[in-house]
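Please keep the sequence and the 3D view at hand while reading.

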Amino acid sequence: MDYSKIFNSAIDRLHEEGRYRVFIDILRNKGAFPNARCFAGHNGPKPITVWCSNDYLAMGQHPKVIAAMEEALYDVGAGSGGTRNIGGNTHYHVDLEAELADLHQKEAALLFTSGYISNEATLATLGKILPGCVIFSDELNHASMIAGIRNSGCEKRVWRHNDLAHLEELLAAEDSDAPKLIAFESVYSMDGDVAPIHAICDLADKYNALTYCDEVHAVGMYGPRGGGITDRDAAAPRLTIIEGTLGKAFGVMGGYIAADQVIVDVIRSYAPGFIFTTSLSPVLVAGVLASVRHLKSSSEERDAQQHAAAYLKQSFADAGLPVMNSTTHIVPLMVGDPVRAKRISDILLAEYGVYVQPINYPTVPRGTERLRFTPGPAHTREMMDELTKALTEIWDRLELRKAA
């Protein structure tokens, strides 16, 4: 068997479909986000503006976060020393889990090395612990949730995106005594729409189902204390498990779940993705701790980010660009073709110093390829006006269809 031929063919297919992924070589400028330096294809670093970072509130650049990380580095050193079972519970981890539990009005929380791992490990473990469990998954759930559901080995039912009638139809068709878990996201990051959380909880109450809400694209950014959509809509107490990330709005790295003490203890005790993984560096946890505490009391970053998103959406719409309807901070611009999406991205970077990554299949369905902009509190109106002009010029140059 020619292994090399098989591997090369797999890569060739991606090139032929126009969805081969190229990772940009950059460094962010401390204290000056969204400004960064690009090293790809240049004699020296080229200044660029980042428009697609998930560091939504620029907390990765916040002085409190950086100071906390520096203090922890000089206090305890770099690494955690292994798994929490072997290396022990660094006190930073204990403090952060208490803050996250409080943020979501839950008894306990549990840290993971990433949001992907927290979803995969928790959902897989729940499905194995609950005998005969059936998991009801929104069709647009993240790949990490899909992986966890698949690895649970239990039955799954996929319901049409945010379609409550379809969800109820599926729930009603199951054995009333079977354990049930409804898994969904609060903010869907590619379209920027929001789940009807209270209505989902109503169905969960009616059919005796547990609920699992992924808040990774909402924590820090919504609610009076940054607890996400469940905080904004006063829905947190109704949910069984809330999952979040520490690498987006909180600006550092990691993931977590928040739930009652027994559920958290079950995941802590049974999930291989938690038990056998080196725990987050205390330096990272110290930074997140500072970020969470700051955003619990400060709405300045959230407000500025929402204003920026609203301005950019309107700017795109006024220019006739095909901005997708979004009720959140996500600003997606429809292209509908992977080759054209990559071409637009390349022109923006090479000619305008604008970095935005094209979003292709399998992240989004074929034919819905797009550019996904995430304006934040540090993006100025001047930057947004310049971006709109650049995109308008490129759309005209490539003779792309504008919005009706």
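Arg 150 counts as exposed, because its relative accessibility is 55% (buried means under 20% relative accessible area, exposed over 50%, and partly exposed in between, with a 1.4 Å probe and protein chains only). This residue lies in helix H6, residues 143–152, where helices (H or I, at least four residues) and strands (E, at least two) are DSSP runs numbered from the N terminus. Arg 150 and Ala 124 are 26 residues apart in sequence, and their C-alpha atoms are 7.3 Å apart in space.

The model is predicted, so that local features need pLDDT of at least 70 and side-chain atom pairs count only at pLDDT 80 or more, while totals for chains, interfaces and linings use all residues. Residues are numbered from 1 along each chain as its sequence is written, and side-chain values use heavy atoms, with hydrogens and water left out.

**Pocket and cavity**

Helix H6 also takes part in the lining of the largest pocket, to which it gives the most, with four residues. The largest pocket holds about 1,400 Å³ of space, and among the elements that give two or more residues to its lining are helix H5 (115–129), strand E11 (241–245) and strand E16 (370–373). On a 1 Å grid over the protein atoms alone, a pocket is an open set of points with protein on both sides within 12 Å along at least five of seven lines, a cavity is a set of points where a 1.4 Å probe fits but cannot get out, and lining residues have an atom within 4 Å of a point. Grid points are joined across faces, edges and corners, and a volume is the space filled by probe spheres set on the points.

Which residues lie nearest the centre of the largest pocket? They are His 142, Ser 189, Met 190, Ile 359 and Thr 363, out of 50 residues that line the pocket. The lining divides into 22 nonpolar, 15 polar and 13 charged residues, where Ala, Val, Leu, Ile, Met, Phe, Trp, Tyr, Cys and Pro count as nonpolar, Asp, Glu, Lys and Arg as charged, and the others, Gly among them, as polar.

The structure also holds one cavity of 30 Å³ or more, and the volume of the largest cavity is about 90 Å³. Strand E4 (108–112) and helix H11 (272–275) each supply at least two residues of its lining, which includes Arg 84, His 93, Phe 112 and Phe 274. The residues that line this cavity comprise four nonpolar, six polar and one charged.

**Backbone features**

The bond from Phe 33 to Pro 34 is cis, with omega near 15°, and Pro 34 lies in the loop between E1 and strand E2 (35–38). A cis peptide bond likewise joins Tyr 361 and Pro 362, with omega about 10°, and Pro 362 lies in the loop between E15 and E16.

Ala 234, in the loop between helix H9 (229–232) and E11, has a positive phi near 55° although it is a residue other than glycine, and it is exposed, with a relative accessible area of 56%. Glu 399, in the segment after helix H15 (381–397), is not a glycine either and has a positive phi of about 55°; its relative accessible area is 70%, so it is exposed.

**Salt bridges**

A search of the whole structure finds 20 salt bridges, each being a side-chain nitrogen of Lys or Arg within 4 Å of a carboxyl oxygen of Asp or Glu. Three of these pairs are set out below.

| Pair | Closest N and O atoms |
|---|---|
| Asp 55 and Arg 28 | 3.0 Å |
| Arg 225 and Asp 102 | 2.8 Å |
| Arg 238 and Asp 202 | 2.7 Å |

Arg 238 lies in the loop between H9 and E11 and Asp 202 in helix H8 (residues 197–206), so this pair ties together parts that are 36 residues apart in sequence. Arg 238 is partly exposed at 31% relative accessibility, and Asp 202 is partly exposed at 43%. Salt bridges that share partners join Glu 99, Asp 102, Arg 225, Arg 293 and Lys 296 into one network. In the remaining pair of the table, Asp 55 is buried, with a relative accessible area of 5%, whereas Arg 28 is partly exposed, with 32%.
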